[in-house]
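Hi,

Here is the structure I wanted to hand over to you. Have a look at it first, and then read on for what turned up.

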Amino acid sequence: MNKKEKSKIIFLSGLITLLIILCIYALNGFAPFGTKTLAVMDANIQYIDFFSYLKDVIAGKNSITYSFGKTLGGSNVAVFSYYLSSPFNLLLLFFSNANLYTFFNIVVALKLTLASIAFAYFITNRFETSYKDNSILFILLSCGYGLCQYSFFQASNIMWLDGMYMLPFMLLQVYYIVQGKKNWNLSIAVGLAIIFNWYMAGISCVFTGIWFLLECCLYAVENKMTFIQFIKTGIRYVCAMLLGVMVSAVLFLPTIGALTNGPRGNLSLRDILDFSFVGNMLSVIPKYSYGAESILGYPALFCGGLAIILALSVFFNKEIKIKIKIVLGAFLFGILLCLYWHPLYLVFSLFKSVTSYNYRYSFLIEFFILFLAAYNCIHLTDKKNLYAVGVTTIIFSLLNIYFNQQYTPQEKTNAYFTISMLIALSILFITSQLITNHKLKHMFLVLLLVTSSVDLGINSNLLANSLSMDILNYKSYRKNQEKIINQIESNDASNYRITQTSNRASYERNHNYDYDVKTKSMFGMYDGNLTANYNESLSYGYKSTSGYTSSPDGTQLEFLNKCGYPTYADCLTVTNTSMLGIDSLLGVKDVLTSENYTGLEKKNNTKLNDKYTYTNPYYMPLAFICNNFDAIKNEEGYLNPFDYQNLLFKQLFNTSKDIYKPVKYSVTKKDDSNTEINLNTSNYKNMIYYGFVPWTSESESYVYNGKDMITKYACWLSPTVFHIKTDSSNTKLRVESADSNFNYDNAYFYALDLSVLDQCAQTARKNEVNISMKNGSIDTTVNAEDEDSYLYLSVPVDDCWDVLVNNKKAEVKSFGNCLYAIKLHSGTNKITMRYHTKYKTLGIGLTAGAILFIIVSAIYRKKHSKEN
């Protein structure tokens, strides 16, 4: 196949894919043609805020190394390398924050287009043969990769799509290594894949091992390969892969360093011993249908109607050697087994138990199906083999109909439509191969390409519409939120934190009452003011206490959880209520909320995004001097959030007074689903009341204060501690739950004594230390009179902080096993803190060394080839 023919196939594959996607966008009103977006679920909850944060990083307003907008403050290297390191994100330069959803849709289209181009590049170089008019088959197979089921089903996880377009480049270089050709191109491909998204690159790297064995087996059948040759080739492959990891070390090693600080850095290695199956392998047949969505045990692998027929009929092609068929069949079985056998499922989930977005690696199987189809195409010169295509079509169609009997009416309709199109495509294909007239043959092939494009478009259209939502209110919310934050920061340039109990999900919920359950899940809307939108501090550039990333700091999660802000999935802290005690200690000065929280003071009557700005009159500075500090010992047994906060305040302020005091209560069971709790709230004028009722299992439960619902409770994303409004000496709560899962005997109802809290706040402000606080950099000068003095600093302890006092390494303690307490000396203490990225220098060295080695090897190889 000459270069012109290759270029034509590659170009048309990308062009057709892009045109199909643009047609789907235009016809369904996706941005930029309308208001719909593919940024649903986690994309809407997390990634849009991350993109806004990245824009600030590019503009120099925020930092990858360290950001105080990430929960209490932390490194964002792992956030960047997992979510944001794709080269396509440079396009953010051309989009405003108000148009991030348009950016999202466009980048999805570009990545899927590149996936088709990459597959076309793979097959045109992997199969070195002149293909004449049948090059159209290569085009439709390439489009099938860019528009496979995985593409739009996982489009919301936009960072995973980088793995799709990098895979063909990696596997082609594996093929070249087996053929004894280029070595280090694989290193470059692997290095770039890891830099673009290390997670999907890891999955693809595992698959390259399988592909290496496949190519070795095919080579051994065709050309024979001795065991010594296999070992030598294997060494070349392993060295190239290791060198590829070294190429990426500049980002990958710091990522590893950052992940080891969090609870999600641990692997589920014990689960590898679970040899069970997660489903029946025959489920792939009925799931090969338009609009099918993957669930655990039922993977959907649609990548074109003709593709599956050509892939399966390869085993009936008489031009292909039996040994080749055995090899291809064995690997097809093994690759499908990765979807069903738990040890392999765990391996391709990178040894982590997956609780959402199952089959994150299913594009690998779709790639192999298309590879089989392409392999069959180049061996279909004998017309007799076309009968096998027809027979395969009939058998697969009948099996699909048979296994679809247990599915829903809509799924059956989609399946029948899929089968009809599959039969039509097979007829067109067989006819195009049987016709001898060149013009007529070409016409049928073009018709086949058009029909196949419609085939792929139908499936993509169904998935895109099923996994999308409207973004009617984002621009107005964005504009108002920026205004709120700018007003706060322009009026007060000091260091403090801002929290909120109402966010973008709350705003959308309040303005779109008629959304159905599925659409609400796309938005990340939950009943009872529950939400997972906790990254607005990163998006709008302010210090906060909230965060939701896949690389959290474990000590912060544990600390906040002990204080009453619970952790879910080891990656997010729920802060959708305001606990005035711990908020004050953490320097929360402003609270954005639609609720009327006792103790907070409304700044003004300006209501934006359905919330007011409140000031916390009890806030404490982020840095102040404390005396007689002793590190909190590990408490024995369980401390409820209120007693734990009491412990923190007693130690920090050297007081015997509790800021939280227990409240007497009684419990009355009204009926099977309603329980009444009577509280003695006689000191309501000077107290703020809170409650926490432990539960043994999750349920659909609600807590009411009179007729007003306080919160949905005992479920995913629900708070543990809830605020109780009261203006009387007796308050009645009602817990509505169909399950008897609450431990009322050990419920905790406490009152925050505002007088004690105010005393602590006054003490902290009296001893306040002014600090210069930037992301990754803190400076201050403290005059201490007492040798036993410490500087309390509301910044999380991290080994990567270099803390110096008068240019000497400081003596530091961990307050609450989370925050800094820096030992001061009598007199002047010049404190400097600089955050360094773990393994940064080593990573730069390894990457530089790897690139230098590749360049020297290339020069040597070029010189050596000229001499020969």
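This is a predicted model: local features need pLDDT of at least 70, side-chain atom pairs count only at pLDDT 80 or more; totals for chains, interfaces and linings use all residues.

Lys823 lies over the face of Tyr790, at 5.7 Å from the ring centre. For a charge to sit over a ring, NZ of Lys or CZ of Arg has to be within 6 Å of the ring centre and within 35 degrees of the ring normal.

Residues are numbered from 1 along each chain as its sequence is written, and side-chain values use heavy atoms, with hydrogens and water left out.

Now the aromatics. Rings of Phe, Tyr and Trp (its six-membered ring) pair if their centres lie within 6.5 Å, with planes under 30 degrees apart called stacked, over 60 edge-to-face, and the rest tilted. That rule gives 68 aromatic pairs. Take Tyr175 and Tyr176: the ring centres are 5.8 Å apart and the planes are at 45°, so this pair is tilted. Tyr702 and Tyr704 also make a tilted pair, with centres 6.5 Å apart and planes at 40°. Buried here means under 20% relative accessible area, exposed over 50%, and partly exposed in between (1.4 Å probe, protein chains only). Tyr175 is buried at 11%, Tyr176 is buried at 6%, and both Tyr702 and Tyr704 are buried too. Ring pairs also link up a cluster whose members include Phe119, Tyr145, Trp211 and Tyr375.

On the surface, Phe11, Leu15, Leu19, Leu22 and Phe33 form a nonpolar patch with about 470 Å² of accessible area together. The areas are Shrake-Rupley values with a 1.4 Å probe, and for residues only the protein chains shown count as cover. Leu19, at 45% relative accessibility, is partly exposed.

Last, the sheet. Four strands form an open sheet with mixed pairing, in the order β3-β6-β8-β7. Strands are DSSP runs (E, at least two residues), numbered from the N terminus, and two of them pair if DSSP finds at least two bridges between them. At the edges are β3 (497-500) and β7 (601-602), each pairing on one side only.

Cheers

Key:
Patches are made of residues with over 30% relative accessible area and no salt bridge: like charges are joined within 9 Å, nonpolar side chains (Val, Leu, Ile, Met, Phe, Trp, Tyr) within 5 Å. A salt bridge is a side-chain nitrogen of Lys or Arg within 4 Å of a carboxyl oxygen of Asp or Glu.
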